[in-house]
Amino acid sequence: MGMELYGFDSVAWRGFIYAVFILNFVFCCQLLLLQPLVAAADGKSGGASLFERVSQSVKVKKYSEALRDLNAAIEVDPALSEAYSHRASILRQLCRYEDSEKSYKKFLEMKPGNSAAEKELSQLYQAQNALNSANDLFDSGDFTKALEYIDKVVLVFSPECLKAKLLRVRLLVAAKDYSKAISEAGYILKEDEDNLEALLLRGRAYYYLADHDIATRHYQKGLRLDPEHGELKKAYFGLKNLLKKTKSAEDNANKGKLRLAAEEYKAALALDPNHSAHNIHLHLGLCKVYVKLGRGKDAVTSCTEVLDIDGDLVEALVQRGEAKLLVEDWEGAVADVKSAAEKSPQDMNIREVLMRAERSLKLSQRKDWYKILGISKTAAMSEIKKAYKKLALQWHPDKNVDNREEAEAKFREIAAAYEILGDEDKRTRYDRGEDIDDNGMGMGEGGFNPFGGGGQQYTFHFEGGFPGGGGGFGGFHF
């Protein structure tokens, strides 16, 4: 019994001594850790040490550590007014406005009328209102005004506001300032390389610059961090689908499957009408296909879409020139191809197209003798003679006494048309677009005159009657 009692007392004493040791160790640790805070509460030099440490944390952007120190100090001494002031300022910079407002108001309860705190509280309200206004303006589409609020108010009074920084990048993307958006998103990712919204926005900016490989890498990194992120999934798979449609259109065009290529190009364009940097390529491809299909009007529309994006793109100017030739816009074709030739003077292919366009314009400006005789360009010689005889009788001046001047002009034109088309050699040269030397006979205004001297009395005689027979007219004497 004595041994058991002795044994029990020994165990108890060892436990007691161990417990005392642990309690003393914890107490010493608390004294060491809370010494600056306690000293601050007592108004000693430790207070300066606390706020210096907070200041250093803010400088290196360790805001969580700074707030943790301040919260601990306030917990030790709820009457430590300067801790509320510092905490309010940090929270304002982070745009945690509601928490910041509470700390400012607590500080002003302790230090009523403090001008610095009142000024910062006013700045807080300005920044808060500006951030709300910027969000509203973004939703309404006024990106320029929204950026002004962010830059001139929010980020001045709340320079570490992540919400404002991300909104700024969104606004830059919406305003199509993609290079700046890439730069601003890059700064965010330097501080937090796993920020999903920054990855999305930076990828989107690269996408709209048609730098699809880098855009894809940003989307993929974001999806590795969060495979179910809705916007990242939409952006990533949307880009994959666009590239797939584009490749299919190009492949079909190269294989000569032009109608299918046209449908694929249109389908790709419908995926993102705002993607100008890529759509310029799609519109040009579609224009080329339409030119090959002979669909001039559609080709002009597609190439005009290209030139609305980049008015100096030589290939688009040439292709639109080709398209305008198809719709017989001769002057427009020459203007487009001439502009392309001026931009690329060494390109012989463009010069050849220009020569063809100028020739077509020149041909369009001469008289259409076929149209004057009312016949097709494939008419046989017998049809030409028959049409000439019919029109000559219809417009003979003696049969048009009441409109003699008009009849004489028409009769001259009909005779000039037959002068060209009734001669196989001249007709062939005319069809080739050559200038025909009429040996002084004239072919237009003041040209071929079947009335001789043009006086009141003249003789017009068809040898052996009208060309092609016609029943013994012999000749007309006037």
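Q: What handedness does the C95 and C161 link have?
A: The link is right-handed, with 70 degrees about the S-S bond. The sulfur atoms of C95 and C161 are 2.1 Å apart, and a disulfide here is a pair of cysteine sulfur atoms within 2.5 Å. Keep in mind that this is a predicted model, where local features need pLDDT of at least 70, side-chain atom pairs count only at pLDDT 80 or more, and totals for chains, interfaces and linings use all residues. Residues are numbered from 1 along each chain as its sequence is written, and side-chain values use heavy atoms, with hydrogens and water left out.

Q: Where do C95 and C161 sit?
A: C95 is in the loop between α4 (81–93) and α5 (97–110), while C161 is in the loop between α7 (143–157) and α8.
A: Buried means under 20% relative accessible area, exposed over 50%, and partly exposed in between, with a 1.4 Å probe and protein chains only.

Q: How many disulfides does the structure hold?
A: Two. The other one joins C287 to C303, S to S 2.1 Å. That link is left-handed, with -95 degrees about the S-S bond.

Q: Switching to charges: what's going on around D272?
A: D272 is buried yet has no salt bridge, meaning a side-chain nitrogen of Lys or Arg within 4 Å of a carboxyl oxygen of Asp or Glu. The nearest side chain of opposite charge is R204, 8.1 Å away. For charge, Lys and Arg count as positive and Asp and Glu as negative; His and the chain ends are not counted.

Q: Which residues does D272 touch, then?
A: Y207, Y208 and N279, not counting residues up to four places away in sequence. Contact means heavy atoms within 4.5 Å. D272 itself is in the loop between α13 (258–271) and α14 (276–293).

Q: Backbone next. Which residue other than glycine has a positive phi?
A: A210 is one, with phi near 65 degrees. It sits in the loop between α10 (196–208) and α11 (212–225), and A210 counts as partly exposed at 32% relative accessibility. K176 also has a positive phi, about 65 degrees, although it is not a glycine. K176 lies in the loop between α8 (162–174) and α9 (178–191) and counts as exposed because its relative accessibility is 52%.

Q: How many residues are in the largest nonpolar core?
A: It has 83 residues, and those with the most contacts inside it are I90, L131, I150 and Y219. A nonpolar core is a set of buried Ala, Val, Leu, Ile, Met, Phe, Trp, Tyr and Cys residues joined through side-chain atoms within 4.5 Å. A second, separate core of 23 residues includes W369, I375, I384 and L421.

Q: What is I90 in contact with?
A: Leaving aside neighbours within four places in sequence, V54, V58, Y63, A66, L67 and L70.

Q: Last one: which residues does the TPR repeat annotation cover?
A: The unreviewed UniProt entry puts it at residues 81–114 and 196–229. Over residues 81–114 the chain is 79% helix and 0% strand, with the end C-alpha atoms 12 Å apart. Residues 196–229 come out at 79% helix and 0% strand, with the end C-alpha atoms 9 Å apart.

Conventions. Helix = DSSP H or I, 4+ residues; strand = E, 2+ residues; numbered from the N terminus. UniProt positions renumbered as here; feature names shortened; annotations may be inferred.
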